[in-house]
Amino acid sequence: MQFVASLTRGAAEIKRLIRHWNDSEDPRNPFANILVTPIFTPPSTLKLVRELKEEGVVKQVFFDSGGFFVQMGRISYEDMYWQLLHFYRSNPWGDWYTLPDYVPLSSDDEETCWHKVRQTADGSRLFYQELPYEIKAKALAVIQGRTIAQVDYCLETYLRTGPERWGFGSFGTNGKQSNANIVTEEAFILLNYVSEIAVSNNRHLHAFGVSTPPAIYLLNESRVDSFDSIGWMKTAGYGKVYLPFVRAYNITYRDKGARGMPPQVFEKLKIRSGHECSFCTDFRMLETSRTHRILHNLAVIQDMVDMIRERTFGDDLLQIMEEYASTYARLRSIAES
Ligand SMILES: [Zn+2]
């Protein structure tokens, strides 16, 4: 399973993060796969990403559609469609090209949701036909929907049309301004349904916008091939950190009751989970520096991906998940069934 770092940010910040990571002498590369939303990314960032790819730091570039910004009301679906088509036609250097999607809001009624699902599937089919041949092979079609019938509408369209990578984007969103998706039971049931069809039709499956450690474990159980998120960065901004198989906990202020994590618990969990990185050796630094939290979170994601790939975790880690991410632990039975 591949981690894709979502980096729709300024070039200076990306450079700074890569420099700090390299200074830590961790030989792993969490920036090997990068996702950017080209129509909302400053040209300087796109230039940097392209250079990093030429230098071999970045191996794969995923272009995202900007569906999230349509959802936020920042751009209309139609404007996104045309801007994206123009960008894709003139930028053949990417590795994956997300087709335009129209994300239903949790507040949308059934009829509106159906409208957006049809727009996503039918719009993607038309868009795909407009793409040059070499980009068609790198298209990523997004599945939206809250019900099996809606998901089926997308799947039937994409099976006929042909994109070889599918993306699942219908996770629950956590809060109004946040794109830090959470895995709800309904969404996880749909994801497993999609995954089964993807596997039997030899399609790769990408999960959009999820990256808490227990969610990474669940995505792998559902045979997802890749996932992206900016959650590691956003969550660090809110004072929160990850640990393997543990959801995000706030460490920056103490008397927060159940949502916070005292330093003693953090240190104990580091030992139990086997996590070590140069960004959390000094707890004071982790508590006071957003950059340390960002890079520590990236290191934890990397731990998760490695442990899952090499199957080097045991029941003790799943026990940690029961204790520190119980809502995720409960979803395990869905993937197993
Ligand atoms: Zn760490």
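**Entry 1: the zinc site.** I looked up what holds the zinc ion. Its protein donors are His275 (NE2), Cys277 (SG), Cys280 (SG) and His296 (ND1), at 2.1 to 2.3 Å from the ion. I note that this is a predicted model.

I then checked the geometry. The angles between the four donor atoms run from 100 to 119 degrees, so the arrangement is tetrahedral. For four tetrahedral donors the ideal angle is 109.5 degrees.

Next I read the donors along the chain. Their spacing is H-x1-C-x2-C-x15-H. Cys280 sits in the loop between helix 11 (263-273) and helix 12 (283-288), while His296 belongs to helix 13 (residues 290-310), so this pair ties together parts 16 residues apart in sequence.

Cys280 and His296 are both buried. Cys277 has 11% relative accessibility, so I count Cys277 as buried too.

**Entry 2: helix 5.** I tested the length of helix 5 (residues 110-130). Its 21 residues should span 30 Å at 1.5 Å a residue, and its end C-alpha atoms are 30 Å apart, so the two agree.

I listed its buried residues, among them Cys113, Val117, Ala121 and Phe127. The buried residues of helix 5 pack against helix 4 (77-90), helix 6 (133-136), strand 5 (139-143) and helix 7 (148-161).

**Entry 3: cysteines.** I took Cys113 as a case. Its relative accessible area is 0%, so Cys113 is buried. The closest cysteine sulfur to that of Cys113 is in Cys154, 9.6 Å away, which is too far for a bond. The cut-off for a disulfide is sulfur atoms within 2.5 Å.

Notes: Residues numbered from 1 in each chain as written. Predicted model: local features only at pLDDT ≥ 70, side-chain atom pairs only at ≥ 80, totals over all residues. Heavy atoms only, no water. Donors = N, O, S within 2.8 Å, 3.2 Å for Na, K, Ca; no water. Tetrahedral: all angles 85-135°; square planar, octahedral: opposite > 155°, others 65-115°. Helix = DSSP H or I, 4+ residues; strand = E, 2+ residues; numbered from the N terminus. Buried < 20%, exposed > 50% of the residue type's maximum accessible area, 1.4 Å probe, protein only. Expected span 1.5 Å × (residues − 1). Contact = heavy atoms within 4.5 Å.
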